[in-house]
Amino acid sequence: MSDTEAATATSSAETVPETSDSAEKMDEINEPETKRRKLNRNNDNDEKKNRLEERLGSILCCAVCLDLPRAAVYQCNNGHLMCVSCFTHLLADARLRDESATCPNCRVEISKTAATRNLAVENAVSELPSECQYCGKEFPRNSMERHEDQMCDERTSGCKYSRIGCPWRGPKHESKQHEQDCPHANRSGAEVMEALQIIDQQVADERKLYENIFELLGYEKITFNDLQLKPYRTEEFVHRLYYESSRFSAFNNQWVVKARINNSQKDPTQSSERDITYQKDPTQSSERDITYQLILRTRTSCPLNINFIILRGPFGDMKIHPRIYRFDFTEQDNESPYMPLSLPDTAECNRLLAAKTINFRLIMFLA
Ligand SMILES: [Zn+2]
Ligand SMILES: [Zn+2]
Ligand SMILES: [Zn+2]
Ligand SMILES: [Zn+2]
């Protein structure tokens, strides 16, 4: 570009905004004085509100995930805030790594006892406005769940004929109209059989579980033990975490329960490749589960056909879905395979890891 060309370019660039500027100024002058004052005041208010809420938001957010906490808020001894799921995640990570957990901000040690709830922050956050994910309107956080689940016209809903196969999903305010026109309402019995069979299957599976439990309850030999799993480290070069109960007796034999995390994968604190999509939320960065096995510690001359089931028990608080396992213990084969402790999600697994011990009830049935 030559000097003259550059000069023209600059001057023309200067002239264009000048005209639009003056046009805006003309508009402003033409507006009635009162409206202009009102507009300005609204702008001022909006700005002030935004600034205050944004500032409060950045002060009250979790130091780990930077989100505003939805439930309990914990703080380290120096006052750094963490939401409950990040807090239990930090404690669970520390348990897996055999380190003590530290505050991500100041590195002071944190634990169930060396950290406190901060009720003032919890209450303040619940008063801050937040945007409904469906309609975009603002409500205080403490009423958001009710709004999004029950009140919002834009919330996603299904069709009342979903049980017979209608896949429609859409905003709530359209569901009435859809249901009136829904083609599934007039389908024949033969056409809805497939959908009904799927439902039947789900119900049958659930019923089978309960029928099995009732059948087991009719066994001659039943015993239960309220047990406690405690964390230990393996002797390997990389000490892996595992859990073990103390010995207990059942059917004149000695037993223990062992448990491990993610089937002792190399480093359960690292996320696997399939979890990369979750990286934004560090509380979901790695999926975790617990598996357990039942071990017969004494010699037995005759095989023991054992059905067993783990329940929450009177001293535990795990959210477990009951599942029956069966294993035939013999003198050679005295350890059951590792079976999943069917927990609802990784968060529940982290909660159990963050606690000192895992309490549960083991019921055993001898055939
Ligand atoms: Zn957090
Ligand atoms: Zn701290
Ligand atoms: Zn809404
Ligand atoms: Zn429908």
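This is a predicted model: local features need pLDDT of at least 70, side-chain atom pairs count only at pLDDT 80 or more; totals for chains, interfaces and linings use all residues.
Asp98 is exposed, with 12 other C-beta atoms within 10 Å. Residues are numbered from 1 along each chain as its sequence is written, and chains are lettered from A and ligands numbered from 1 in the order in which they are written.

**Loop residues**

Asp98 sits in the loop between α3 and β3, and the place of Arg107 is in the loop between α3 and β3 too. Most residues other than glycine have a negative phi. Asp98, which is not a glycine, has a positive phi of about 60°, and Arg107, also not a glycine, has one of about 65°. Pro183 lies in another loop, between α6 (172-181) and α7 (189-217).

| Exposed residue | Other C-beta atoms within 10 Å |
|---|---|
| Asp98 | 12 C-beta atoms |
| Arg107 | 10 C-beta atoms |
| Pro183 | 9 C-beta atoms |

**The chain as a whole**

The protein chain has eight helices and 16 strands. Helices (H or I, at least four residues) and strands (E, at least two) are DSSP runs, numbered from the N terminus. Of the 367 residues in the protein chain, 20% are buried. Two residues are in contact if their C-beta atoms, placed from the backbone, lie within 7 Å. Among contacts between residues at least 6 apart in sequence, 55% join residues at least 24 apart.

Strands pair if DSSP finds at least two bridges between them. An open sheet of three strands has the order β2-β1-β3, with antiparallel pairing. β2 (81-83) and β3 (116-117) are at the edges, each with a single partner strand, so one side of each has no neighbour in the sheet. Strand β1 (residues 73-75) runs antiparallel to β2, and three bridges join them. Within this pair, Val73 stands opposite Cys83. Helix α3 lies across β1 and β2, at about 95° to β2; axes are lines fitted to C-alpha atoms, for helices over the stretch in contact, and angles run from 0 to 180 degrees between N-to-C directions.

**The largest nonpolar core**

A nonpolar core is a set of buried Ala, Val, Leu, Ile, Met, Phe, Trp, Tyr and Cys residues joined through C-beta atoms within 7 Å. The largest one has 53 residues, of which Met82, Phe87 and Leu362 touch the most other members. Helix α3 (residues 84-97) gives the most to this core, with seven residues. Apart from its neighbours within four places in sequence, Phe87 is in contact with Tyr74, Met82 and Ala115.

**Strand β16 and its partners**

Strand β8 (residues 221-233) pairs with strand β16 (residues 358-366) in the antiparallel sense over nine bridges. Leu229 has Ile358 in β16 as its bridge partner. Strand β13 (residues 304-311) also runs antiparallel to β16, joined by six bridges, and Ile309 stands opposite Ile363.

**Helix α7**

What is the count of buried residues in α7? Among its 29 residues the count is zero, and the helix is hardly covered. α7 bends by about 35° at Ala195, the bend being the angle between axes fitted to the seven residues ending there and the seven starting there.
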